[in-house]
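The account begins at a loop position and then turns to helix packing, a charged pair and the chain as a whole.

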Amino acid sequence: MAQRLQELKTQKLRQQVAEMEAEVAGDKEDKTDQQDKPKPAQRQIAPPVAPARSKLRHWLALASFVVLVGLPVLVSAWYLWTRAQDRYVSYAGFSVRTEEIGSAFELLGGVAQMSGSSSSDTDILYKFIQSPELVARTNARLDLREIWGLPARTGATAAMIRCSPTTLPG
């Protein structure tokens, strides 16, 4: 029985070797056949996303950006470079009130003012503010050219800090 078992193993081993030899010979034939035959076409894979195209919403977004951002910037730049003045202008106003009660003659329509007999406190103060004397007094204490000169000025804020009620002219 051991001998029979040995024969079966040998026979099976020979059969496996023959199959392997046939397989190797077949691979060589397949390689020569593959060189003669055209390769099958590879399957094309579609791109994951279609190419971008301009749509109406893209043009509307661009137009709204131009209208809401671009035009205001251009109009502001045009105004600042062509129309706006390089100097700052400020106006100050005030009123002078007195506690005095005028005569009955003045209540009748200001006949006393028409006569030109005297100036009121308001007129005197207005003339003083318009006078070069006020500018000269202020310039002596604050150096107005430094404050309101060209861009190299230190700034009005620095002048305001230096300017207290005790340093004002008058």
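Asp143 is found in the loop between α6 and α7 (144-148). Its phi is near 55°, a positive value in a residue other than glycine. The helix labels follow DSSP runs numbered from the N terminus (helices: H or I, at least four residues; strands: E, at least two). This is a predicted model, in which local features need pLDDT of at least 70 and side-chain atom pairs count only at pLDDT 80 or more, while totals for chains, interfaces and linings use all residues. Residues are numbered from 1 along each chain as its sequence is written, and side-chain values use heavy atoms, with hydrogens and water left out.

Two packed helices are described by the angle between their axes and the distance between the axes. For helix α5 (residues 121-130) and helix α6 (residues 132-142), the axes come within 4 Å and cross at roughly 55°. The helices α5 and α6 are therefore oblique to each other, a class left for angles that are not under 35 degrees (roughly parallel), over 145 (roughly antiparallel) or 65 to 115 (roughly perpendicular). Axes are lines fitted to C-alpha atoms, for helices over the stretch in contact, with angles running from 0 to 180 degrees between N-to-C directions. On the α5 side, Phe128, Ile129 and Gln130 meet Pro132, Glu133, Leu134 and Arg137 of α6, where contact means heavy atoms within 4.5 Å. By class, this contact has four nonpolar, one polar and two charged residues.

Side chains of opposite charge can pair when their charged atoms come close. A salt bridge requires a side-chain nitrogen of Lys or Arg within 4 Å of a carboxyl oxygen of Asp or Glu, and by this rule the count comes to one. The pair is formed by the side chains of Arg4 and Glu7, at 3.7 Å from N to O. Both residues lie in helix α1 (residues 2-36), three residues apart, about one turn of the helix.

The table gives relative accessible areas; buried means under 20%, exposed over 50%, and partly exposed in between (1.4 Å probe, protein chains only).

| Residue | Relative accessible area | Class |
|---|---|---|
| Arg4 | 53% | exposed |
| Glu7 | 42% | partly exposed |
| Asp143 | 35% | partly exposed |

The secondary structure of the protein chain comprises eight helices and zero strands. Buried residues make up 4% of its 170 residues.

Note on methods
Ala, Val, Leu, Ile, Met, Phe, Trp, Tyr, Cys and Pro count as nonpolar, Asp, Glu, Lys and Arg as charged, and the others, Gly among them, as polar.
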